[in-house]
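Here is a friendly tour of one structure, taken a few residues at a time. Have the sequence and the 3D view open as you read.

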Amino acid sequence: QRQMCIRDSTDNFEVTDACISCGHCEDICPAYAIKLDEEGKPSWIKHECFMCFGCMRLCPCQAIRYGGA
């Protein structure tokens with residue numbers, strides 16, 4: 001069984017106004033680092049991240065960005 005290493009922090013993730021609060025990012029995160037806040041927007045609740053970028057790749061609205069990209 002393959003294990004992923006926690007490699008980086010979640011500090012550089014941001015969410016745009018395009019977010020529709022679908023929750024795909026929360027569901028896919030293998031580090032359990034994302035929770036939807038009271039407004040239904042993704043919030044990174046942990047500092048650690050596997051850097052798989054699943055949250056970005058699966059976002060139907062491309063509302064998650066990393067490092068200002």
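## A buried strand residue

Ile34 has a relative accessible area of 2% and is therefore buried (buried means under 20% relative accessible area, exposed over 50%, and partly exposed in between, with a 1.4 Å probe and protein chains only). Ile34 belongs to strand 3, residues 34–36; helices (H or I, at least four residues) and strands (E, at least two) are DSSP runs, numbered from the N terminus. The model is a predicted one, in which local features need pLDDT of at least 70 and side-chain atom pairs count only at pLDDT 80 or more, while totals for chains, interfaces and linings use all residues. Residues are numbered from 1 along each chain as its sequence is written, and side-chain values use heavy atoms, with hydrogens and water left out.

Which residues does Ile34 touch, not counting those up to four places away in sequence? They are Cys25, Glu26, Cys29, Pro42, Ser43, Trp44, Ile45 and Cys55, where contact means heavy atoms within 4.5 Å. Trp44 sits 10 residues from Ile34 along the chain, and their C-alpha atoms are separated by 4.6 Å.

## The nonpolar core

Ile34 is also one of the residues with the most contacts inside the largest nonpolar core, together with Phe13, Trp44, Cys55 and Ile64. That core has 13 residues; a nonpolar core is a set of buried Ala, Val, Leu, Ile, Met, Phe, Trp, Tyr and Cys residues joined through side-chain atoms within 4.5 Å.

Take Ile64 next. Neighbours within four places in sequence aside, Ile64 is in contact with Phe13, Glu14, Cys25, Trp44, Cys55, Met56 and Cys59.

## Ser9 and its surroundings

Ser9 lies in strand 1, residues 8–9, and is buried because its relative accessible area is 12%. A polar atom of the Ser9 side chain lies 3.3 Å from the backbone nitrogen of Asp11. Beyond residues up to four places away in sequence, Ser9 touches His47, Cys49, Met51 and Tyr66.

## Cysteines without disulfides

How many disulfides does the structure hold? The count is zero, a disulfide being a pair of cysteine sulfur atoms within 2.5 Å. In general, a disulfide is a covalent bond between the sulfur atoms of two cysteines.

For Cys19, the closest cysteine sulfur is in Cys59, 6.4 Å away, so the distance is too far for a bond. Cys19 counts as buried at 12% relative accessibility, whereas Cys61 counts as partly exposed at 26%.

## One salt bridge

There is one salt bridge, defined as a side-chain nitrogen of Lys or Arg within 4 Å of a carboxyl oxygen of Asp or Glu. The partners are Lys35 and Glu26, whose side chains meet at 3.5 Å, N to O. Both residues are partly exposed: Lys35 has 41% relative accessibility, and Glu26 has a relative accessible area of 24%.

## Positive phi in two loops

Ser21, in the loop between strand 2 (13–15) and helix 1 (24–28), has phi near 60 degrees, a positive value in a residue other than glycine. Ser21 counts as partly exposed at 28% relative accessibility.

Tyr32 lies in the loop between helix 1 and strand 3, and its phi, near 55 degrees, is also positive in a residue other than glycine. Is Tyr32 buried or exposed? At 61% relative accessibility, Tyr32 counts as exposed.

Methods
Polar contact = N/O pair within 3.5 Å; in protein donor to acceptor, adjacent residues only side chain to side chain.
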